[in-house]
Amino acid sequence: MTLRLRAVRALVLLAGFYLMGVVLLAAMAALDWLVVTRLFSRVAEFQGVVVAVTVLLAVAILRGMFSFLQAGRLGPVSHAVAVTPQDQPELWEQVRAAAEATGEPAPDELYLVAEVNAGVAERSRLLGLLPGRRRMLLGLPLLAGLTVPRLRAVLAHEFGHYANLDTRLGGVTMRGRQAVLHTVKVFGQGSTRLHYVLGSLYVGYARMFLRTSQSMARHQELAADQVAARHAGRDTTAAALRALPVLDAAHTHYLGTYATMGTSLGALPPVGEIHGGFRRLIAARPGERLDALSAGQRAPRPHRYDSHPPIAERIALIEKLPADDRNDASADEPAALTLLRDPDRLFAELEARTLPRGADQLRRMSWDDLAMARAVADAESWSQPLRLAVARALRAAAEGTDGTAVSRGATDQVAAETELPGLDDVLDTFDRGLLWMEVAKRMPQPPQTFRLTGLSARNFIRPRIFDGLAGMVHLRLAASGQATPDIAWSGQPGLALPAVWEKGMDDALDAATADSPDTAPLRALLAGTHSVSA
């Protein structure tokens, strides 16, 4: 079947999606007429039940038909920043150039969002047959990670969805898929059994339509890639496709590692830096260092009816196109973010629109202060179990010396209510031989490890004791001013330790947590710390 015939078939099925509602309404109207005038004309109670049921069904169907016709409406965009040609002429120039290259009108609205994404939404009419007002969404993180030529490729691809260079029905098919999915979602929001029954009917039809139009939708994606290659260049378009999953992984890493590092502390980064800090990570991780953030990640499993072919397939098809004289010189090209005027203001405005309610009341901290506060909080959480276990062990030893019998539960409760020991007290406890005799068994352990004994039990609990000691060392160095905050855009935020500690700390901690603990190396490092701070 040719592409044009597939598009015609999809259009017929799209019209059938709407006509199905008309047929159901007509059938129910005929049923009501037969019940009232022919079949049960003398049984008023039965007539009332049938009419009531059909009216409820009709309301649900009309709701679905109305939502189908309204699927192309453009709602408000509350989590985005609108930019006009007067505000950002350079960005609009690129958008208009891409639209002109594809033979499509420029969008009526342009919004900047907080995603690694770009898209064009359209207010379509008459089941998607007629185009309408268009709105483009561009992610500020996307602009931060792409060069200007690669942005041209992305823009041309988005307009290529509507270009219809291969078939005039292609754009209709894409709009129709959006309308069908929107209608099914509306039926899924119903709370009655009738909504569920009708929704199942429409879902079944929608699956048939999506399955039938799948090849057409995927062809549209590949055709849009070719439009982008003609506008921005073959190599640049392929490079842009390769960059998208890398940027998405980097942005996810940034949000989880940096932007939200102060959430549990009731703090936020500086104004505009919740999204704007992503620029700093991009700048600190050029080339392969940025690629490493997505290394080893499995590509998300595509939806059964996803219109996007795998990126590897798309890149392979683009690279089969004839070579042109527009090579991808990404190292020499400016970032797409340079197209924006006053990007700091835009990042701040976007932040104000995306923060949850009440978040603007949280205190603001510099990146260095956030890194220090986060590192101290982490160190405290690492050291807390070890300090509590040592306190309990010391309490139990003291009670045993006095000859007073105290239950372990009572001992632990008393220890929890007393002041926890410091680093020197913990090392003294290790030197007394209590680490593996008393402290280890009081460390938190999952139930399945209770059967472990001897070396197996020690090897299981040893990393937790190591982390607890490391946390106490970090707290000591931070308090003395010898550990400084390191936001580490190219690594992991935390503390920058003195060189002598970076070199010898792990070995000293290994010695202190060995089967025969030796705290001398760690005490020697601490003695050097005291002499420096003095």
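By salt bridge I mean a side-chain nitrogen of Lys or Arg within 4 Å of a carboxyl oxygen of Asp or Glu. Before I go on, a word on the model: it is predicted, so local features need pLDDT of at least 70 and side-chain atom pairs count only at pLDDT 80 or more, while totals for chains, interfaces and linings use all residues. Residues are numbered from 1 along each chain as its sequence is written, and side-chain values use heavy atoms, with hydrogens and water left out.

Back to our pair. Are Arg-326 and Asp-324 buried, exposed or partly exposed? Arg-326 is partly exposed, with a relative accessible area of 32%, and Asp-324 counts as partly exposed too, at 25%. The cut-offs here are under 20% relative accessible area for buried, over 50% for exposed, and partly exposed in between, with a 1.4 Å probe and protein chains only.

Now, how many salt bridges does the structure hold? There are 22. In general, side chains of opposite charge can pair when their charged atoms come close.

Let me pick out another one. The side chains of Arg-462 and Asp-515 meet in a salt bridge, at 2.9 Å from N to O. This pair links distant parts of the chain: Arg-462 sits in helix α18 (residues 454-480), Asp-515 sits in the loop between α19 and α20 (520-533), and the two are 53 residues apart. When I say helix or strand, I mean DSSP runs, numbered from the N terminus: H or I with at least four residues for helices, E with at least two for strands. Arg-462 counts as buried at 18% relative accessibility, whereas Asp-515 is partly exposed at 36%. There is also a network: Glu-273, Arg-279, Arg-280 and Asp-344 are joined into one by salt bridges that share partners.

Next, the sheet. What is the order of its strands? It is an open sheet of 4 strands, running β1-β2-β4-β3, and the pairing is mixed. The edge strands are β1 and β3, each of which pairs on one side only. Two strands pair, by the way, if DSSP finds at least two bridges between them. As a rule, strands of a sheet pair through backbone hydrogen bonds, either parallel or antiparallel.

Let's walk across it. Strand β1 (residues 81-82) pairs with β2 in the antiparallel sense over 2 bridges, and there Ala-82 stands opposite Tyr-111 in β2. Then β2 (residues 109-113) and β4 pair in the parallel sense over 5 bridges. In β4, Arg-135 is the bridge partner of Glu-109, and Leu-137 is the bridge partner of Tyr-111. Finally, β3 (residues 118-122) and β4 pair in the antiparallel sense, again over 5 bridges. Here Gly-119 stands opposite Leu-137, and Val-120 stands opposite Met-136.

How enclosed are these strands? For β2, 5 of the 5 residues are buried, so the strand is largely enclosed by the rest of the structure. Both of its faces are covered: Glu-109, Tyr-111 and Val-113 are buried on one side, Leu-110 and Leu-112 on the other.

The side chains of Glu-104 and Arg-134 meet at 2.6 Å, N to O. Glu-104 lies in the loop between α3 (89-101) and β2 and Arg-134 lies in strand β4, so the pair ties together parts that are 30 residues apart in sequence. Glu-104 is buried, with a relative accessible area of 14%, and Arg-134 is buried at 4%.

Last stop, the surface. Which residues gather in a patch of negative charge there? They are Glu-502, Asp-506, Asp-507 and Asp-510. A patch is made of residues with over 30% relative accessible area and no salt bridge, with like charges joined within 9 Å. Asp-506 lies in helix α19 (residues 499-512) and counts as partly exposed, at 48% relative accessibility.

Technical notes:
Patches are made of residues with over 30% relative accessible area and no salt bridge: like charges are joined within 9 Å, nonpolar side chains (Val, Leu, Ile, Met, Phe, Trp, Tyr) within 5 Å. Accessible areas come from the Shrake-Rupley method with a 1.4 Å probe; for residues, only the protein chains shown count as cover. Lys and Arg count as positive and Asp and Glu as negative; His and the chain ends are not counted. The place of a charge is taken as NZ of Lys, CZ of Arg, CG of Asp or CD of Glu.
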